[in-house]
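Let's take a walk through this model, starting with some charged side chains. Keep the viewer open as you read.

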Amino acid sequence: IGATGPAGSAGLDGATGAIGATGPAGSAGLDGATGPAGSNGLNGATGAIGATGPAGSNGLNGATGAIGATGPVGPAGLNGATGSTGATGSAGSTGPAGAANITGTTDYVAKFTGTNTGGNSTIRDNGTAVSINTTPNVDYRLYVYDQQLTADGDGQASIYGYRTRDSQNSGISYATTGGNSAVRGYNYWGDLYTFGVIGTSYNDYTRTGGVMGAQTSGTYWGSLGYKNSASSTYGVYGSSGYASGAGLLPSAEAIGIGGGFFGNMIGSTSQGEVIGQINSGELFAQYNSGNVYTYGQNIELVKTEGAVTPVYAVTSTEAIVYSKGSIQLVNGTAHVSFDNEYAMLLGDSPIVTATPNGECNGLYIASTDESGFVVKELMNGSSNATISWIAVGNRVDNNPVDRAIEMVTASDFERNLQQVLYSDGNIEGSAKAIWWDGTTIRFDELPTHLSTVERSEK
């Protein structure tokens, strides 16, 4: 540090006054004003810093004491009650859309075209309808278009439903929810010209139809709206004849029924503008269980050598049976015994007529019963002429059928029946109802309780 600079000069002293008598001490006078400070002198130059002495050596570290044993963990305290959830804050603004690595066309359902890429599928959805391989159509909620290739072989389909199960899973009825199926159509409202399933075809060729149902191998099958190999068209066509010829009775075991119809009142009806029905069978063409009523004639066609001759059935207002034969008189008498088949059909003794075929005195029926008759020559004749005879008797089942006859012989029965057989293919009119009221056949409007459909809630 430099030397202290010189002190500034002292101010001048004031003049000394005369000494007066010493009076009592007066009060202290006021301090005089301090004189101005003198200016500071200049600082001297700073001296150089001396060199640092060497550092002393570090002392030795003391030894580390041993760690004491860990004390036992105290019991966990009880969890405190969960506080109430605070209010959810407002959602932040949506961030910008991220970039996608796929391209496609509006309304097309996307599909993976690669592991990390996508594109159009064959399915389209315009928000109103869905389609596959074509443009959506408002008339069809699902529209499938299939341009089949002949090269792909047989068995192709636009829609294929395949059903299987892990064990036998039988349905319980023919109702909508009672049966199991591979494909099902459910038409909740049965409006005019509406159906649960519709199958249509132009039927350009033969052996084709609108709908087919069949056993897997085609052993038996049936079709709706069918065109056969001769181009004849059928509303319903069924076949259980498979790979067998026609014209001969089968030589092996056989089963199968071409068509079956069951009804509470009428089993089936058939009407044609020209021919109503044709039946053919090698064993027999038709078997009826019950009385048969025909509005017209029964005509049989008997095939003879080189010709077919129509013959007419003998008709009667009663149910009767006939038998005939010839016998020779022996000394003017003959006893005729009916065969068992004829005798069993007789309800009572028949009426017998005998005619001689040779010279005699005339004949009369001496006795007759359900087993036969005795004929004798008049005037105790003893000729041996041959006679012909015919017996006519009431059938054993000639029970009254008045109720049925009264119905079918009513003056308007045939006309009403023709209106029942009306073809709905003619949409300019309607068929007439037929129903059984428990006593008779009716052709008027169906009662409401028979025609109203009970339906569950949709």
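D444 and R442 form a salt bridge, and their closest N and O atoms are 2.8 Å apart. By salt bridge we mean a side-chain nitrogen of Lys or Arg within 4 Å of a carboxyl oxygen of Asp or Glu. R442 also meets the side chain of D437 in a salt bridge, at 3.1 Å from N to O.

## Another salt bridge, and where the numbers come from

The structure holds three salt bridges. One of them links the side chains of D397 and R395, with 2.7 Å from N to O. D397 is partly exposed at 42% relative accessible area, and R395 is partly exposed at 35%.

Bear in mind that this is a predicted model: local features need pLDDT of at least 70 and side-chain atom pairs count only at pLDDT 80 or more, while totals for chains, interfaces and linings use all residues. Residues are numbered from 1 along each chain as its sequence is written, and side-chain values use heavy atoms, with hydrogens and water left out.

## The whole protein

Overall, the protein has four helices and 17 strands. These are DSSP runs numbered from the N terminus: helices are H or I with at least four residues, strands are E with at least two. Of the 458 residues, 11% are buried.

The protein exposes about 38,500 Å², and carbon and sulfur atoms supply 52% of that. Accessible areas come from the Shrake-Rupley method with a 1.4 Å probe; for residues, only the protein chains shown count as cover. As for contacts (heavy atoms within 4.5 Å), take those with a separation of 6 or more: residues 24 or more positions apart account for 37% of them.

## A three-strand sheet

Now find the open sheet of three strands, in the order β11-β14-β13 with antiparallel pairing. β11 (333–337) and β13 (363–369) each have a single partner strand, so one side of each is left without a neighbour in the sheet. From one strand to the next, the twist averages 15°; such angles run from 0 to 180 degrees between N-to-C directions, with axes fitted as lines to C-alpha atoms.

β11 pairs with β14 (residues 372–377) over five bridges in the antiparallel sense. Pairing requires that DSSP finds at least two bridges between the strands. Within β14, G372 is the bridge partner of S337.

## A hairpin

β8 (residues 299–304) and β9 (residues 307–312) are antiparallel partners over six bridges. I299 stands opposite Y312 in β9. The hairpin has two residues between its strands, and G306 takes a positive phi near 80° there.

## A nonpolar patch

Finally, L192, Y193, F195, I198 and I427 make a nonpolar surface patch of about 670 Å². Patch residues have over 30% relative accessible area and no salt bridge; nonpolar side chains (Val, Leu, Ile, Met, Phe, Trp, Tyr) are joined within 5 Å, like charges within 9 Å. L192 sits in the loop between β4 (142–144) and β5 (208–214), and L192 is exposed, with a relative accessible area of 75%.

Methods
Buried < 20%, exposed > 50% of the residue type's maximum accessible area, 1.4 Å probe, protein only.
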